[in-house]
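Welcome, and thanks for taking a look at this one with us. Have the viewer open, and let's walk through the model together.

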Amino acid sequence: MQSNQDQWLIVGLGNPGPKYANNRHNAGHIVVEALAQTAGATFSKHRAGAYVANARIGMLPGGRPGPAALLAWLDSYMNTSGMPVTKLMKFYGITEERLLVVHDELDLDPHTLRLKRGGGEGGHNGLRSISQMLGTKDYHRLRFGVGRPPGRMDPADYVLSDFPKRELDEWAVTVRLAAEAIENVVTLGFSEAQQKLHTA
């Protein structure tokens, strides 16, 4: 069994409630939900202000279940993401070395996925809150590209609008690929997963 030092905490960012469920800004939440569904894991409410699922991620050689990981989405708004994330890390004894945050990314073309560690937040309120609460930007991210808003549309309005219904099948594929990238992080390690994703 893994120690907490080896176990990943995968946090999908978003806003709580049905009003925001299919927003671009909820991409992280959507990916983590999909990953839990694949793993047959269910979320339960945690006192840190989040919903958490214990999951075995991916498959090991010989068809054995993959490593254990904690999946979480937050029961708080995007700009206060830092508090529940740090509470979860403290509760489970997880450091930023094993934190992976999944979030929407305006600065990547739609359907583009990138793994990175550290760096700026690109104006993303959820990342900014987490960095402030952790006192560091040196944690892992899976960036889920949603592209820039059309014309003069306000970026805030854009990310708080739903994925277009006519594009849902395409986005479902991207969500699945994002879940696979997370599986690779957990089973292969971050560097190898990053190389695999970026050379695909």
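In which loop is I94 found? I94 sits in the loop between α2 and β7, in a model that is predicted. Is I94 buried or exposed? With a relative accessibility of 5%, I94 falls under the 20% cut-off and therefore counts as buried.

**The fold as a whole**

- The protein contains 6 helices and 9 strands.
- Its radius of gyration is 16 Å, which agrees with the value near 16 Å for a compact globule of 200 residues.
- Along the principal axes, the C-alpha atoms of the protein fill a box of roughly 50 × 35 × 30 Å.
- Among contacts in the protein with a separation of 6 or more, 68% come from residues 24 or more positions apart.

**Surface and charge**

- Of the protein's 200 residues, 49% count as buried.
- The protein exposes about 10,000 Å², and 49% of that area is supplied by carbon and sulfur atoms.
- There are 22 positive and 20 negative side chains in the protein, and the centres of these two sets lie 4 Å apart.

**Helix α2 and what follows it**

- Helix α2 spans residues 82-92, and its buried residues are G82, P84, V85, T86, L88, M89 and Y92.
- The cover over the buried residues of α2 includes the strands β1 (8-12), β2 (44-46), β3 (50-56), β6 (68-74) and β7 (99-105), along with helix α3.
- Just after α2 comes G93, with a positive phi of about 70°.

**Helix α3 and S129**

- In α3, the buried residues are G126, L127, S129, I130 and S131.
- Their cover includes α2, β7 and β9.
- S129 belongs to helix α3, which runs over residues 125-134.
- Its relative accessible area is 9%, so S129 counts as buried.
- Beyond residues up to four places away in sequence, S129 touches M78, N79, T80, S81 and G82.
- Just after α3, G135 takes a positive phi of about 75°.

**Y139, between α3 and β9**

- Y139 is found in the loop between α3 and β9.
- Although Y139 is a loop residue, its relative accessible area is 0%, so Y139 is buried.
- Leaving out residues up to four places away in sequence, Y139 touches E96, L99, V101, K116, R117, G118, L127, I130, S131 and L134.
- With S131, the link is also polar: a contact of 3.0 Å joins the side chains of Y139 and S131.
- Y139 and E192 are 53 residues apart in sequence, and their C-alpha atoms are 16 Å apart in space.

**H140, in strand β9**

- H140 lies in strand β9, which covers residues 140-145.
- H140 is buried because its relative accessible area is 3%, and the cut-off for buried is under 20%.
- Its contacts, leaving aside neighbours within four places in sequence, are W8, E96, E97, L99, L100, V101, K116, R117 and F190.
- H140 and G119 are 21 residues apart along the chain, and their C-alpha atoms are separated by 9.6 Å.

**H111, a backbone to inspect**

- Where does H111 lie? H111 is in the loop between β7 and β8 (113-117).
- Phi of H111 is near 75°, a positive value in a residue other than glycine.
- At a relative accessible area of 28%, H111 is partly exposed.

Note on methods
Residues numbered from 1 in each chain as written. Predicted model: local features only at pLDDT ≥ 70, side-chain atom pairs only at ≥ 80, totals over all residues. Heavy atoms only, no water. Helix = DSSP H or I, 4+ residues; strand = E, 2+ residues; numbered from the N terminus. Rg over C-alpha atoms; globule rule 2.2 N^0.38 Å. Buried < 20%, exposed > 50% of the residue type's maximum accessible area, 1.4 Å probe, protein only. Contact = heavy atoms within 4.5 Å. Areas by Shrake-Rupley, 256 points an atom, 1.4 Å probe, with all protein chains shown as cover. Lys, Arg positive; Asp, Glu negative; His and termini not counted. Charge placed at Lys NZ, Arg CZ, Asp CG, Glu CD. Polar contact = N/O pair within 3.5 Å; in protein donor to acceptor, adjacent residues only side chain to side chain.
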